[in-house]
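Dear colleague,

I am passing on the structure below, together with some notes on what turned up when I went through it. Please read the notes with the coordinates open beside you.

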Amino acid sequence: MEFLIAILVIIIILVIPNIKVVPQARSYVIERLGSYYTTWKNGLHVKIPFIDRISNNVSLKEIVKDFAPQPVITKDNVTMQIDTVVYFQITDPRLFTYGVESPINAIENLTATTLRNIIGELELDQTLTSRDIINSKMRSILDEATDPWGIKVNRVEVKNIIPPKDIQDAMEKQMRAERERREKILQAEGEKKSSILIAEGEKESAILRAEAEKEAQIKIAEGEAEALLKMKQAEAEGIKLLKDAKADNNVLALKSFEALQNMANGQATKIIVPSDLQGIASLGITLSEISKNKK
């Protein structure tokens with residue numbers, strides 16, 4: 001009985017601690033007698049006591065490392081501070097464990113030296129406007145250099161580019177001058193467009209006034225012509241009616257006298273009387289009386 005208990009105690013002490021469950025997105029690097037033996041993926045595993053050893057517990061997730069700003073010198077001898085962010089993933093736990101000492105420090109140093117080499121080929125203005133080119137070159141170089149370490153570099157981003165203080169001040173002045181220049185240009189263009197619109201408005205207004213006056217004069221002329229035409233038509237119809245009624249000479253003379261009377265109602269002071277009306281004594285009205293009545 002005591003023997004069984006001793007065996008159970010040995011099992012508990014030796015076997016149970018050597019039963020391992022590897023979680024998702026992690027890998028265990030196993031050494032046997034000091035040499036690499038295998039890599040455990042996720043699941044249940046058992047290692048031999050005193051023979052097998054877990055050399056490294058590796059995460060297979062993507063890792064993001066924000067490295068401190070590094071001093072770099074551009075092609076035109078401007079010293080600036082640049083910090084980068086590297087996104088990488090461990091693809092081979094064995095190479096990651098045995099490929100390089102302190103892989104994260106190795107990536108940081110490799111990033112700094114690669115950044116200095118790339119920036120050293122660019123001038124200040126190119127450095128400030130070529131982030132995509134810098135990111136692409138760094139990712140390509142780092143990915144190739146870290147393959148023997150079992151690391152895959154997915155992305156490299158230049159986070160901040162900090163020029164010297166005097167250059168920052170000069171850049172701010174330049175930007176301020178550029179903004180003022182654009183503001184003046186926009187203001188001048190606005191005034192130009194406003195002047196053009198005002199001139200066009202005045203032109204259209206003058207055209208409309210001229211057209212309105214023209215149409216009004218046309219309407220007046222048309223009205224006068226129409227009135228004159230109707231008067232002539234009325235006179236013609238009156239003469240036609242007299243002719244149709246076979247009026248005698250006395251009636252025609254009376255009508256002529258009525259026309260003479262209408263003429264006398266005007267502003268004229270002299271009236272020329274036709275010779276055929278001078279013989280109408282029966283009417284009892286002389287030219288002198290007409291003149292007196294007018295006065």
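Predicted model: local features only at pLDDT ≥ 70, side-chain atom pairs only at ≥ 80, totals over all residues.

Val 86, setting aside neighbours within four places in sequence, is in contact with Ile 63, Val 64, Lys 65, Phe 67, Ile 107, Thr 111, Leu 142, Val 153, Arg 155 and Val 156. Val 86 is found in strand 8, and with a relative accessible area of 0% this residue is buried. The C-alpha atoms of Val 86 and Lys 159 are separated by 9.9 Å, although the two residues are 73 residues apart along the chain.

Thr 84 counts as buried, because its relative accessibility of 3% falls under the 20% limit. Not counting residues up to four places away in sequence, Thr 84 touches Lys 65, Asp 66, Phe 67, Thr 111, Leu 115, Met 138, Glu 157, Val 158 and Lys 159.

Helix 3 passes helix 5 in a right-handed crossing. On the side of helix 3 the contact is made by Leu 110, Thr 111, Thr 114, Leu 115, Ile 118 and Ile 119, and on the side of helix 5 by Ile 134, Lys 137, Met 138, Ile 141, Leu 142 and Ala 145. Sorted by class, this contact has 9 nonpolar, 2 polar and 1 charged residues.

As for aromatic rings, the count comes to 1 aromatic pair. The ring centres of Tyr 36 and Tyr 98 are 6.0 Å apart and the ring planes stand at 80°, so the pair is edge-to-face. Since Tyr 36 lies in strand 3 (residues 35–40) and Tyr 98 in helix 2 (residues 93–98), the pair ties together parts that are 62 residues apart in sequence. Tyr 36 is partly exposed, with a relative accessible area of 35%, and Tyr 98, at 38% relative accessibility, also counts as partly exposed.

Two backbone positions may be worth a look when you check the geometry. Phe 50 has a phi near 70°, a positive value in a residue other than glycine; Phe 50 is found in the loop between strand 4 (43–46) and strand 5 (52–59), and at 76% relative accessibility counts as exposed. Ser 102 likewise has a positive phi, of about 55°, although this residue is not a glycine. Ser 102 is found in the loop between helix 2 and helix 3, and at 36% relative accessibility counts as partly exposed.

Finally, some overall figures: the protein has 8 helices and 9 strands, and buried residues make up 23% of its 295 residues. Among the contacts in the protein with a separation of 6 or more, 63% are accounted for by residues 24 or more positions apart.

Methods:
Residues numbered from 1 in each chain as written. Heavy atoms only, no water. Left-handed = near helix turned anticlockwise from the far one by under 90°. Helix = DSSP H or I, 4+ residues; strand = E, 2+ residues; numbered from the N terminus. Contact = heavy atoms within 4.5 Å. Nonpolar A, V, L, I, M, F, W, Y, C, P; charged D, E, K, R; others polar. Buried < 20%, exposed > 50% of the residue type's maximum accessible area, 1.4 Å probe, protein only. Phe/Tyr/Trp six-rings, centres within 6.5 Å; stacked < 30°, edge-to-face > 60°.
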